[in-house]
Amino acid sequence: MVQTKKIALYVVVVFVLYTIINSPARAAELVQVGFEGISSAAQGVGEFMTELVD
């Protein structure tokens, strides 16, 4: 099981590096989308907690 996780991690790292090297603009766009999603989720949690307090 541990070997499978290591192999999967290596495959993901190689894919990410390949994407960054091959298409840096697309990689930057994907990172931006990811951060926007995290920001949205954090804002939603904040609004939920505010409503719980009120």
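A salt bridge is a side-chain nitrogen of Lys or Arg within 4 Å of a carboxyl oxygen of Asp or Glu. The structure shown above holds one salt bridge. This is a predicted model, in which local features need pLDDT of at least 70 and side-chain atom pairs count only at pLDDT 80 or more, while totals for chains, interfaces and linings use all residues. Residues are numbered from 1 along each chain as its sequence is written, and side-chain values use heavy atoms, with hydrogens and water left out.

The overall form may be considered before the details. The protein contains two helices and zero strands; helices (H or I, at least four residues) and strands (E, at least two) are DSSP runs, numbered from the N terminus. Along its principal axes, the C-alpha trace spans about 45 × 35 × 5 Å. The radius of gyration of the protein is 17 Å, whereas a compact globule of 54 residues would have one near 10 Å. That radius is taken over C-alpha atoms, and the globule rule is 2.2 Å times the number of residues to the power 0.38.

Of the 54 residues, 4% count as buried, where buried means under 20% relative accessible area, exposed over 50%, and partly exposed in between (1.4 Å probe, protein chains only). The protein exposes about 5,000 Å², and carbon and sulfur atoms supply 71% of this area. Such areas come from the Shrake-Rupley method with a 1.4 Å probe; for residues, only the protein chains shown count as cover.

Helix α1 comprises residues 2-22 and includes T19. T19 counts as buried because its relative accessibility is 17%. A polar atom of the T19 side chain lies 2.9 Å from the backbone oxygen of F15. Leaving aside residues up to four places away in sequence, T19 touches P24 and A27, contact meaning heavy atoms within 4.5 Å.

F15 also belongs to a nonpolar surface patch of about 770 Å², made by L9, V12, V13, F15, V16, L17, I20 and I21. Patches are made of residues with over 30% relative accessible area and no salt bridge; like charges are joined within 9 Å, and nonpolar side chains (Val, Leu, Ile, Met, Phe, Trp, Tyr) within 5 Å. V12 lies in helix α1 and is partly exposed, with a relative accessible area of 48%.

The salt bridge joins R26 and E29, whose closest N and O atoms are 2.9 Å apart. Both residues lie in helix α2 (residues 24-53), three residues apart, about one turn of the helix. R26 counts as partly exposed at 42% relative accessibility, and E29 counts as partly exposed at 41%.

Notes. A polar contact is a pair of N or O atoms within 3.5 Å; within protein, one must be able to donate a hydrogen and the other to accept it, and residues adjacent in sequence count only if both atoms are side-chain atoms.
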